[in-house]
Amino acid sequence: MIHEQLSKDYLTNRYFTDERFDTAERVADIDGFDTQATNAPPNAPEDEPSIGEMERQERASLRRVSGLSTELSDVTEVEYRRLQLEKVVLVGVWTEGTSAQAEASLAELSRLAETAGSEVLEGMVQRKDRPDPATYVGAGKVRELRDIALAVGADTVICDGELAPGQLRQLEEKLKLKVVDRTALILDIFAQHANSKEGKAQVELAQLQYYLPRLRGWGDKMSRQAGGRAGGGKGGVGTRGPGETKMETDRRRIHKRISKLRKELAAMSTIRETKRSQRVANAVPSVAIGGYTNAGKSSLLNALTGNGLLVEDSLFATLDPATRRARTVDGRPYTLSDTVGFVRHLPHQLVEAFRSTLEEVTRADLLLHVVDGSDPAPQEQVGAVRDVVSEIGSEQGGSVPPELVVVNKADALDTAKFAELRRLLPEAVFVSARSGAGIDELNRAIAEWLPAPDVYVDALVPYTRGELVSRVHTEGELVAREHTADGTRLRAKVRTDLANELEPFATTG
(Lines give C-alpha, C1' and ligand atoms only; values in the text may rest on other atoms or scores of the structure.)
Protein backbone atom coordinates (compact mmCIF):
# COMPACT_ATOMS: atom_id res chain seq x y z
CA MET A 1 0.00 0.00 0.00
CA ILE A 2 1.43 3.35 -0.98
CA HIS A 3 0.62 6.44 1.11
CA GLU A 4 0.88 9.79 -0.59
CA GLN A 5 0.42 13.01 1.33
CA LEU A 6 0.06 16.39 -0.33
CA SER A 7 2.17 18.73 1.76
CA LYS A 8 0.73 21.90 3.13
CA ASP A 9 3.17 24.02 1.13
CA TYR A 10 2.28 22.20 -2.10
CA LEU A 11 -1.46 22.68 -1.68
CA THR A 12 -1.02 26.22 -0.45
CA ASN A 13 1.23 27.28 -3.30
CA ARG A 14 -0.72 25.52 -6.01
CA TYR A 15 -4.31 26.09 -5.08
CA PHE A 16 -4.86 28.55 -2.28
CA THR A 17 -2.37 31.45 -2.35
CA ASP A 18 -2.70 32.30 -6.00
CA GLU A 19 -3.05 36.04 -6.48
CA ARG A 20 -6.56 35.52 -7.85
CA PHE A 21 -7.72 34.47 -4.40
CA ASP A 22 -6.40 37.52 -2.59
CA THR A 23 -9.41 39.09 -0.89
CA ALA A 24 -9.11 42.59 -2.30
CA GLU A 25 -8.07 41.53 -5.79
CA ARG A 26 -10.70 38.79 -5.91
CA VAL A 27 -13.54 41.23 -5.25
CA ALA A 28 -12.17 43.62 -7.85
CA ASP A 29 -11.75 40.81 -10.38
CA ILE A 30 -15.30 39.54 -9.88
CA ASP A 31 -16.75 43.03 -10.17
CA GLY A 32 -14.80 43.68 -13.34
CA PHE A 33 -15.86 40.36 -14.86
CA ASP A 34 -19.53 40.97 -14.08
CA THR A 35 -19.44 44.45 -15.57
CA GLN A 36 -18.41 43.06 -18.94
CA ALA A 37 -20.36 39.82 -18.88
CA THR A 38 -23.68 41.24 -17.69
CA ASN A 39 -25.23 43.13 -20.55
CA ALA A 40 -28.00 45.36 -19.30
CA PRO A 41 -31.02 45.94 -21.57
CA PRO A 42 -30.55 48.88 -23.94
CA ASN A 43 -33.15 51.09 -22.26
CA ALA A 44 -32.13 50.36 -18.66
CA PRO A 45 -30.81 53.31 -16.61
CA GLU A 46 -27.05 53.22 -16.22
CA ASP A 47 -27.21 53.67 -12.42
CA GLU A 48 -29.81 50.91 -11.88
CA PRO A 49 -28.18 47.67 -10.67
CA SER A 50 -29.05 44.42 -12.41
CA ILE A 51 -30.66 41.45 -10.66
CA GLY A 52 -27.33 39.64 -10.56
CA GLU A 53 -25.54 42.63 -8.98
CA MET A 54 -28.17 42.95 -6.26
CA GLU A 55 -28.01 39.22 -5.51
CA ARG A 56 -24.21 39.31 -5.31
CA GLN A 57 -24.34 42.28 -2.94
CA GLU A 58 -26.81 40.40 -0.75
CA ARG A 59 -24.47 37.42 -0.54
CA ALA A 60 -21.48 39.64 0.26
CA SER A 61 -23.37 41.31 3.10
CA LEU A 62 -23.11 38.15 5.24
CA ARG A 63 -19.73 36.55 5.78
CA ARG A 64 -18.61 33.77 8.10
CA VAL A 65 -16.64 34.83 11.17
CA SER A 66 -13.44 32.90 11.79
CA GLY A 67 -12.49 31.60 15.21
CA LEU A 68 -15.89 30.23 16.21
CA SER A 69 -16.13 26.70 17.58
CA THR A 70 -17.55 23.98 15.33
CA GLU A 71 -17.22 21.05 17.71
CA LEU A 72 -19.84 18.31 17.75
CA SER A 73 -23.08 19.57 19.25
CA ASP A 74 -26.39 18.07 20.19
CA VAL A 75 -28.56 18.05 17.07
CA THR A 76 -32.23 17.70 17.89
CA GLU A 77 -33.73 19.37 14.83
CA VAL A 78 -31.94 17.35 12.18
CA GLU A 79 -33.82 18.84 9.25
CA TYR A 80 -32.40 22.26 10.17
CA ARG A 81 -28.82 21.11 10.74
CA ARG A 82 -26.31 23.37 9.00
CA LEU A 83 -22.62 22.81 8.44
CA GLN A 84 -20.47 25.40 10.18
CA LEU A 85 -17.20 24.91 8.37
CA GLU A 86 -14.09 26.89 9.29
CA LYS A 87 -10.54 25.59 9.36
CA VAL A 88 -10.58 22.29 7.51
CA VAL A 89 -8.31 19.46 6.46
CA LEU A 90 -9.04 17.57 3.25
CA VAL A 91 -8.52 13.83 2.81
CA GLY A 92 -9.08 11.67 -0.26
CA VAL A 93 -8.59 8.05 -1.31
CA TRP A 94 -6.93 7.46 -4.67
CA THR A 95 -8.40 4.21 -6.00
CA GLU A 96 -8.10 4.62 -9.78
CA GLY A 97 -6.71 6.91 -12.43
CA THR A 98 -3.50 8.89 -12.32
CA SER A 99 -2.01 10.90 -9.49
CA ALA A 100 -2.81 14.10 -11.41
CA GLN A 101 -6.50 13.14 -11.47
CA ALA A 102 -6.44 12.45 -7.73
CA GLU A 103 -4.86 15.86 -7.09
CA ALA A 104 -7.38 17.55 -9.39
CA SER A 105 -10.24 15.94 -7.46
CA LEU A 106 -8.82 17.21 -4.17
CA ALA A 107 -8.28 20.66 -5.68
CA GLU A 108 -11.94 20.74 -6.70
CA LEU A 109 -12.90 19.69 -3.17
CA SER A 110 -10.89 22.64 -1.84
CA ARG A 111 -12.82 25.03 -4.08
CA LEU A 112 -16.08 23.53 -2.84
CA ALA A 113 -14.92 24.04 0.75
CA GLU A 114 -13.96 27.65 0.03
CA THR A 115 -17.33 28.27 -1.59
CA ALA A 116 -19.01 26.97 1.57
CA GLY A 117 -16.99 29.45 3.65
CA SER A 118 -14.04 27.38 4.88
CA GLU A 119 -10.30 27.96 5.15
CA VAL A 120 -8.40 24.95 3.83
CA LEU A 121 -5.23 24.25 5.81
CA GLU A 122 -4.02 20.84 4.65
CA GLY A 123 -4.74 18.08 2.16
CA MET A 124 -3.93 14.38 2.10
CA VAL A 125 -4.33 11.63 -0.50
CA GLN A 126 -4.01 7.94 0.34
CA ARG A 127 -3.36 5.27 -2.29
CA LYS A 128 -5.67 2.28 -1.71
CA ASP A 129 -7.46 -0.29 -3.84
CA ARG A 130 -10.73 0.72 -2.20
CA PRO A 131 -11.77 2.92 0.75
CA ASP A 132 -11.58 1.29 4.15
CA PRO A 133 -15.08 0.01 5.03
CA ALA A 134 -14.73 1.10 8.66
CA THR A 135 -12.94 4.46 8.64
CA TYR A 136 -12.58 5.32 4.92
CA VAL A 137 -8.77 5.79 5.18
CA GLY A 138 -7.64 3.00 7.51
CA ALA A 139 -6.68 2.96 11.20
CA GLY A 140 -3.09 4.16 10.71
CA LYS A 141 -4.09 7.04 8.50
CA VAL A 142 -6.78 8.07 11.00
CA ARG A 143 -4.12 8.57 13.70
CA GLU A 144 -1.96 10.51 11.27
CA LEU A 145 -4.94 12.62 10.24
CA ARG A 146 -5.71 13.36 13.90
CA ASP A 147 -2.14 14.55 14.52
CA ILE A 148 -2.16 16.79 11.44
CA ALA A 149 -5.52 18.33 12.37
CA LEU A 150 -4.26 19.13 15.87
CA ALA A 151 -1.00 20.54 14.53
CA VAL A 152 -2.64 22.98 12.12
CA GLY A 153 -5.57 23.83 14.41
CA ALA A 154 -8.34 22.40 12.22
CA ASP A 155 -11.79 21.70 13.59
CA THR A 156 -13.34 19.91 10.59
CA VAL A 157 -12.24 17.11 8.27
CA ILE A 158 -13.74 16.87 4.77
CA CYS A 159 -13.55 13.57 2.90
CA ASP A 160 -13.48 13.45 -0.89
CA GLY A 161 -16.26 10.89 -1.22
CA GLU A 162 -19.63 9.91 0.23
CA LEU A 163 -19.21 8.24 3.61
CA ALA A 164 -21.43 5.46 4.85
CA PRO A 165 -23.18 6.16 8.19
CA GLY A 166 -20.82 3.79 9.98
CA GLN A 167 -17.72 5.40 8.47
CA LEU A 168 -18.93 8.86 9.45
CA ARG A 169 -19.64 7.80 13.03
CA GLN A 170 -16.33 6.01 13.56
CA LEU A 171 -14.28 8.84 12.06
CA GLU A 172 -15.90 11.41 14.34
CA GLU A 173 -15.38 9.17 17.38
CA LYS A 174 -11.69 8.62 16.61
CA LEU A 175 -10.83 12.13 15.41
CA LYS A 176 -12.97 13.99 17.98
CA LEU A 177 -13.71 16.47 15.19
CA LYS A 178 -16.60 17.13 12.89
CA VAL A 179 -16.37 15.02 9.74
CA VAL A 180 -18.08 16.07 6.51
CA ASP A 181 -18.14 14.19 3.25
CA ARG A 182 -18.33 15.54 -0.29
CA THR A 183 -22.09 15.06 -0.53
CA ALA A 184 -22.85 17.02 2.65
CA LEU A 185 -20.51 19.80 1.49
CA ILE A 186 -22.31 20.19 -1.84
CA LEU A 187 -25.68 20.11 -0.08
CA ASP A 188 -24.52 22.93 2.19
CA ILE A 189 -23.54 25.08 -0.81
CA PHE A 190 -26.91 24.42 -2.43
CA ALA A 191 -28.68 25.42 0.79
CA GLN A 192 -26.80 28.74 0.83
CA HIS A 193 -27.49 29.61 -2.81
CA ALA A 194 -31.10 28.50 -3.27
CA ASN A 195 -33.46 31.46 -3.51
CA SER A 196 -36.73 30.35 -5.09
CA LYS A 197 -39.41 28.40 -3.24
CA GLU A 198 -38.90 25.40 -5.50
CA GLY A 199 -35.13 25.52 -5.12
CA LYS A 200 -35.32 25.66 -1.33
CA ALA A 201 -37.77 22.76 -1.26
CA GLN A 202 -35.53 20.70 -3.54
CA VAL A 203 -32.46 21.33 -1.40
CA GLU A 204 -34.30 20.54 1.82
CA LEU A 205 -35.58 17.28 0.36
CA ALA A 206 -32.07 16.29 -0.69
CA GLN A 207 -30.70 17.13 2.75
CA LEU A 208 -33.35 15.11 4.56
CA GLN A 209 -32.78 12.12 2.30
CA TYR A 210 -29.08 12.34 3.07
CA TYR A 211 -29.36 12.77 6.84
CA LEU A 212 -32.13 10.23 7.42
CA PRO A 213 -29.87 7.11 7.47
CA ARG A 214 -27.22 9.06 9.41
CA LEU A 215 -29.31 9.93 12.45
CA ARG A 216 -27.67 9.13 15.74
CA GLY A 217 -28.22 10.14 19.35
CA TRP A 218 -26.04 12.15 21.73
CA GLY A 219 -26.15 11.33 25.45
CA ASP A 220 -29.62 11.60 26.92
CA LYS A 221 -31.13 11.98 23.44
CA MET A 222 -31.09 8.18 23.25
CA SER A 223 -33.35 8.08 26.32
CA ARG A 224 -36.89 6.88 25.94
CA GLN A 225 -40.18 8.54 26.71
CA ALA A 226 -41.34 8.19 30.28
CA GLY A 227 -43.69 5.19 30.38
CA GLY A 228 -45.62 3.62 33.21
CA ARG A 229 -45.10 0.08 34.38
CA ALA A 230 -46.73 -2.61 32.27
CA GLY A 231 -50.39 -2.56 33.14
CA GLY A 232 -49.97 0.59 35.22
CA GLY A 233 -51.77 3.85 34.68
CA LYS A 234 -49.10 6.52 35.32
CA GLY A 235 -47.80 6.75 31.76
CA GLY A 236 -51.16 6.89 30.06
CA VAL A 237 -52.35 5.18 26.94
CA GLY A 238 -49.62 4.70 24.30
CA THR A 239 -46.67 5.31 26.64
CA ARG A 240 -46.50 1.99 28.51
CA GLY A 241 -43.67 -0.38 27.83
CA PRO A 242 -40.12 0.54 26.79
CA GLY A 243 -41.18 3.82 25.16
CA GLU A 244 -39.87 5.54 22.03
CA THR A 245 -36.38 6.99 21.68
CA LYS A 246 -35.81 10.60 20.66
CA MET A 247 -34.04 9.37 17.52
CA GLU A 248 -37.11 7.39 16.49
CA THR A 249 -39.21 10.51 16.98
CA ASP A 250 -36.85 12.50 14.75
CA ARG A 251 -36.95 9.79 12.11
CA ARG A 252 -40.75 9.80 12.05
CA ARG A 253 -40.87 13.59 11.78
CA ILE A 254 -38.37 13.55 8.90
CA HIS A 255 -40.44 10.96 7.02
CA LYS A 256 -43.49 13.22 7.36
CA ARG A 257 -41.52 16.23 6.13
CA ILE A 258 -40.15 14.31 3.15
CA SER A 259 -43.67 13.23 2.18
CA LYS A 260 -44.90 16.84 2.40
CA LEU A 261 -41.99 18.17 0.34
CA ARG A 262 -42.57 15.60 -2.39
CA LYS A 263 -46.21 16.64 -2.66
CA GLU A 264 -45.22 20.31 -2.88
CA LEU A 265 -42.61 19.61 -5.56
CA ALA A 266 -45.13 17.53 -7.51
CA ALA A 267 -47.50 20.52 -7.54
CA MET A 268 -44.66 22.82 -8.66
CA SER A 269 -43.73 20.31 -11.35
CA THR A 270 -47.30 20.48 -12.67
CA ILE A 271 -47.02 24.26 -12.96
CA ARG A 272 -43.69 23.89 -14.78
CA GLU A 273 -45.22 21.32 -17.12
CA THR A 274 -48.14 23.65 -17.88
CA LYS A 275 -45.77 26.47 -18.83
CA ARG A 276 -43.74 24.08 -20.97
CA SER A 277 -46.89 22.82 -22.75
CA GLN A 278 -47.87 26.41 -23.58
CA ARG A 279 -44.50 26.95 -25.27
CA VAL A 280 -44.89 23.69 -27.15
CA ALA A 281 -48.41 24.62 -28.27
CA ASN A 282 -47.10 27.95 -29.56
CA ALA A 283 -44.32 26.08 -31.38
CA VAL A 284 -41.58 28.06 -29.62
CA PRO A 285 -38.29 26.13 -29.78
CA SER A 286 -36.39 25.76 -26.51
CA VAL A 287 -32.64 25.81 -25.90
CA ALA A 288 -31.17 24.63 -22.58
CA ILE A 289 -27.76 25.70 -21.31
CA GLY A 290 -26.03 22.91 -19.41
CA GLY A 291 -22.51 22.21 -18.31
CA TYR A 292 -20.05 21.90 -15.48
CA THR A 293 -20.34 24.30 -12.58
CA ASN A 294 -18.50 27.62 -13.03
CA ALA A 295 -18.13 27.03 -16.77
CA GLY A 296 -19.85 30.36 -17.51
CA LYS A 297 -23.46 29.32 -18.24
CA SER A 298 -25.06 32.41 -16.69
CA SER A 299 -22.51 34.65 -18.39
CA LEU A 300 -23.36 33.05 -21.71
CA LEU A 301 -27.09 33.58 -21.16
CA ASN A 302 -26.40 37.24 -20.37
CA ALA A 303 -24.35 37.59 -23.54
CA LEU A 304 -27.07 36.01 -25.71
CA THR A 305 -30.10 37.77 -24.20
CA GLY A 306 -28.76 40.93 -22.52
CA ASN A 307 -30.12 39.96 -19.09
CA GLY A 308 -28.44 40.71 -15.79
CA LEU A 309 -28.33 37.31 -14.10
CA LEU A 310 -25.93 36.71 -11.22
CA VAL A 311 -22.36 36.12 -12.41
CA GLU A 312 -19.78 35.07 -9.83
CA ASP A 313 -16.47 33.22 -9.91
CA SER A 314 -17.56 30.41 -7.58
CA LEU A 315 -18.98 26.92 -7.77
CA PHE A 316 -22.77 26.58 -7.98
CA ALA A 317 -23.24 30.36 -7.95
CA THR A 318 -26.74 30.02 -9.45
CA LEU A 319 -29.14 27.17 -8.70
CA ASP A 320 -32.56 28.45 -9.63
CA PRO A 321 -33.25 27.91 -13.34
CA ALA A 322 -33.91 31.02 -15.42
CA THR A 323 -35.75 31.07 -18.76
CA ARG A 324 -35.43 34.04 -21.10
CA ARG A 325 -36.81 34.82 -24.54
CA ALA A 326 -34.35 35.26 -27.40
CA ARG A 327 -34.31 35.46 -31.20
CA THR A 328 -32.17 33.84 -33.82
CA VAL A 329 -30.23 35.89 -36.35
CA ASP A 330 -33.11 35.44 -38.82
CA GLY A 331 -35.70 36.67 -36.30
CA ARG A 332 -37.23 33.40 -35.06
CA PRO A 333 -38.13 33.39 -31.34
CA TYR A 334 -36.92 30.72 -28.94
CA THR A 335 -36.52 30.28 -25.19
CA LEU A 336 -33.13 30.01 -23.50
CA SER A 337 -32.99 28.22 -20.11
CA ASP A 338 -30.08 28.28 -17.67
CA THR A 339 -29.91 25.12 -15.54
CA VAL A 340 -28.07 24.02 -12.42
CA GLY A 341 -24.41 23.15 -12.91
CA PHE A 342 -22.96 19.65 -12.75
CA VAL A 343 -19.93 18.32 -10.91
CA ARG A 344 -18.03 15.06 -10.67
CA HIS A 345 -19.92 12.52 -8.56
CA LEU A 346 -23.00 14.70 -8.29
CA PRO A 347 -24.91 13.39 -5.23
CA HIS A 348 -27.78 11.16 -6.24
CA GLN A 349 -29.97 12.96 -3.68
CA LEU A 350 -29.58 16.14 -5.71
CA VAL A 351 -30.31 14.38 -8.99
CA GLU A 352 -33.49 12.99 -7.46
CA ALA A 353 -34.59 16.28 -5.84
CA PHE A 354 -33.75 18.44 -8.89
CA ARG A 355 -35.24 15.98 -11.38
CA SER A 356 -38.02 18.33 -12.53
CA THR A 357 -35.45 21.08 -13.10
CA LEU A 358 -32.98 18.82 -14.90
CA GLU A 359 -35.75 17.57 -17.17
CA GLU A 360 -35.56 20.96 -18.90
CA VAL A 361 -32.27 19.74 -20.37
CA THR A 362 -33.66 16.52 -21.84
CA ARG A 363 -36.87 18.11 -23.17
CA ALA A 364 -35.20 20.98 -25.00
CA ASP A 365 -34.84 21.14 -28.77
CA LEU A 366 -31.13 21.91 -28.37
CA LEU A 367 -28.60 21.57 -25.55
CA LEU A 368 -25.80 24.13 -25.35
CA HIS A 369 -23.13 22.15 -23.51
CA VAL A 370 -20.84 24.81 -22.03
CA VAL A 371 -17.25 23.70 -21.35
CA ASP A 372 -14.69 25.66 -19.35
CA GLY A 373 -11.80 25.96 -21.79
CA SER A 374 -9.40 27.13 -19.06
CA ASP A 375 -9.85 23.96 -16.99
CA PRO A 376 -6.82 21.62 -16.95
CA ALA A 377 -8.97 18.57 -17.85
CA PRO A 378 -12.04 19.74 -19.81
CA GLN A 379 -12.66 16.28 -21.26
CA GLU A 380 -13.43 14.98 -17.76
CA GLN A 381 -15.97 17.76 -17.29
CA VAL A 382 -17.61 16.82 -20.59
CA GLY A 383 -17.84 13.19 -19.49
CA ALA A 384 -19.36 14.07 -16.10
CA VAL A 385 -22.07 16.23 -17.71
CA ARG A 386 -22.94 13.67 -20.34
CA ASP A 387 -23.26 10.93 -17.72
CA VAL A 388 -25.89 12.90 -15.78
CA VAL A 389 -27.78 13.91 -18.95
CA SER A 390 -27.81 10.30 -20.14
CA GLU A 391 -29.08 9.12 -16.74
CA ILE A 392 -32.00 11.54 -16.83
CA GLY A 393 -32.66 10.92 -20.53
CA SER A 394 -32.84 7.15 -20.05
CA GLU A 395 -35.67 7.65 -17.55
CA GLN A 396 -37.49 9.78 -20.14
CA GLY A 397 -37.50 7.02 -22.73
CA GLY A 398 -33.94 7.54 -23.89
CA SER A 399 -34.60 11.01 -25.30
CA VAL A 400 -31.52 13.24 -25.33
CA PRO A 401 -31.61 16.47 -27.36
CA PRO A 402 -28.99 17.38 -29.97
CA GLU A 403 -25.86 18.77 -28.34
CA LEU A 404 -23.91 21.84 -29.41
CA VAL A 405 -20.64 22.07 -27.48
CA VAL A 406 -19.63 25.63 -26.57
CA VAL A 407 -16.10 26.15 -25.25
CA ASN A 408 -16.22 29.25 -23.06
CA LYS A 409 -13.33 31.43 -21.79
CA ALA A 410 -11.57 31.14 -25.14
CA ASP A 411 -9.78 34.42 -24.45
CA ALA A 412 -7.81 32.65 -21.69
CA LEU A 413 -6.43 29.95 -24.03
CA ASP A 414 -2.98 29.93 -25.51
CA THR A 415 -2.26 28.58 -28.99
CA ALA A 416 -1.33 25.06 -27.82
CA LYS A 417 -4.39 24.71 -25.58
CA PHE A 418 -6.66 26.01 -28.33
CA ALA A 419 -5.30 23.47 -30.81
CA GLU A 420 -5.70 20.65 -28.29
CA LEU A 421 -9.35 21.55 -27.58
CA ARG A 422 -10.04 21.91 -31.30
CA ARG A 423 -8.75 18.36 -31.75
CA LEU A 424 -10.74 16.96 -28.81
CA LEU A 425 -13.95 18.86 -29.68
CA PRO A 426 -13.86 19.39 -33.46
CA GLU A 427 -17.49 20.56 -33.78
CA ALA A 428 -17.40 22.96 -30.84
CA VAL A 429 -17.94 26.71 -31.03
CA PHE A 430 -15.31 28.76 -29.17
CA VAL A 431 -16.60 31.88 -27.42
CA SER A 432 -15.81 34.28 -24.62
CA ALA A 433 -18.91 35.39 -22.75
CA ARG A 434 -16.79 38.00 -20.98
CA SER A 435 -15.47 39.79 -24.09
CA GLY A 436 -18.24 38.79 -26.52
CA ALA A 437 -15.87 37.04 -28.94
CA GLY A 438 -17.56 34.26 -30.90
CA ILE A 439 -21.11 35.16 -29.81
CA ASP A 440 -22.15 36.01 -33.39
CA GLU A 441 -20.88 32.64 -34.60
CA LEU A 442 -22.80 30.93 -31.78
CA ASN A 443 -26.00 32.75 -32.74
CA ARG A 444 -25.64 31.50 -36.32
CA ALA A 445 -25.01 27.96 -35.09
CA ILE A 446 -28.15 28.07 -32.90
CA ALA A 447 -30.22 29.22 -35.89
CA GLU A 448 -28.92 26.30 -37.94
CA TRP A 449 -29.61 23.72 -35.22
CA LEU A 450 -33.14 24.84 -34.33
CA PRO A 451 -35.98 23.39 -36.39
CA ALA A 452 -36.90 25.81 -39.19
CA PRO A 453 -40.36 26.34 -40.72
CA ASP A 454 -40.79 23.90 -43.59
CA VAL A 455 -44.37 24.31 -44.89
CA TYR A 456 -44.85 26.79 -47.75
CA VAL A 457 -48.17 28.68 -47.65
CA ASP A 458 -49.82 31.20 -49.97
CA ALA A 459 -52.79 32.72 -48.15
CA LEU A 460 -55.03 35.78 -48.34
CA VAL A 461 -55.63 36.67 -44.72
CA PRO A 462 -58.58 39.04 -43.94
CA TYR A 463 -57.75 42.23 -42.09
CA THR A 464 -59.88 40.97 -39.19
CA ARG A 465 -57.31 38.18 -38.59
CA GLY A 466 -54.30 40.35 -37.97
CA GLU A 467 -53.01 37.96 -35.28
CA LEU A 468 -52.27 35.39 -38.00
CA VAL A 469 -50.24 37.93 -39.95
CA SER A 470 -48.32 38.77 -36.79
CA ARG A 471 -47.57 35.09 -36.12
CA VAL A 472 -46.27 34.63 -39.65
CA HIS A 473 -43.86 37.52 -39.09
CA THR A 474 -42.63 36.23 -35.71
CA GLU A 475 -42.73 32.44 -36.18
CA GLY A 476 -42.18 31.93 -39.90
CA GLU A 477 -40.00 33.04 -42.79
CA LEU A 478 -41.81 35.66 -44.84
CA VAL A 479 -41.18 35.41 -48.59
CA ALA A 480 -43.59 38.07 -49.91
CA ARG A 481 -46.38 40.27 -48.63
CA GLU A 482 -49.05 42.18 -50.54
CA HIS A 483 -51.93 44.35 -49.27
CA THR A 484 -55.13 43.96 -51.29
CA ALA A 485 -58.72 45.13 -50.94
CA ASP A 486 -59.74 41.78 -49.39
CA GLY A 487 -56.82 41.34 -47.00
CA THR A 488 -53.10 40.68 -46.74
CA ARG A 489 -51.63 38.12 -49.11
CA LEU A 490 -48.76 36.22 -47.55
CA ARG A 491 -46.22 33.86 -49.07
CA ALA A 492 -44.15 32.31 -46.31
CA LYS A 493 -42.65 29.20 -44.75
CA VAL A 494 -44.29 28.33 -41.46
CA ARG A 495 -44.65 25.43 -39.05
CA THR A 496 -47.32 22.78 -39.47
CA ASP A 497 -49.63 24.10 -36.73
CA LEU A 498 -49.67 27.62 -38.20
CA ALA A 499 -50.11 26.24 -41.71
CA ASN A 500 -53.25 24.44 -40.55
CA GLU A 501 -54.69 27.71 -39.22
CA LEU A 502 -53.93 29.44 -42.53
CA GLU A 503 -55.46 26.63 -44.60
CA PRO A 504 -58.99 28.25 -44.82
CA PHE A 505 -57.41 31.34 -46.42
CA ALA A 506 -55.17 29.54 -48.91
CA THR A 507 -55.16 30.86 -52.49
CA THR A 508 -54.89 28.86 -55.70
CA GLY A 509 -52.93 31.27 -57.83
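Here come a few stops, with what to select at each.

First, some ground rules. This is a predicted model, where local features need pLDDT of at least 70 and side-chain atom pairs count only at pLDDT 80 or more, while totals for chains, interfaces and linings use all residues. Residues are numbered from 1 along each chain as its sequence is written, and side-chain values use heavy atoms, with hydrogens and water left out.

**Stop one: helix H5**

Select residues 139-152, which make up helix H5. Helices here are DSSP runs of H or I with at least four residues, strands are runs of E with at least two, and both are numbered from the N terminus.

Buried means under 20% relative accessible area, exposed means over 50%, and partly exposed is in between (1.4 Å probe, protein chains only).

Just after H5, click on glycine 153, which takes a positive phi of about 80 degrees.

**Stop two: aromatic rings**

Rings of Phe, Tyr and Trp (its six-membered ring) pair if their centres lie within 6.5 Å; planes under 30 degrees apart count as stacked, over 60 as edge-to-face and the rest as tilted. By this rule there are two aromatic pairs. Tyrosine 210 and tyrosine 211 form an edge-to-face pair, 5.0 Å centre to centre with 75 degrees between the planes. Tyrosine 210 is buried at 2% relative accessibility, and tyrosine 211 is buried at 9%.

Next, select phenylalanine 418 and phenylalanine 430, a tilted pair at 4.6 Å centre to centre and 45 degrees between the planes. Phenylalanine 418 sits in helix H14 (residues 415-424) and phenylalanine 430 in strand E11, 12 residues apart.

**Stop three: helix H15**

Finally, select residues 439-449 for helix H15, where the buried residues include Ile439, Leu442 and Ile446. The buried residues of H15 pack against several elements (contact means heavy atoms within 4.5 Å), among them helix H10 (297-305) and strand E11 (429-430).

How values were computed
Expected span 1.5 Å × (residues − 1).
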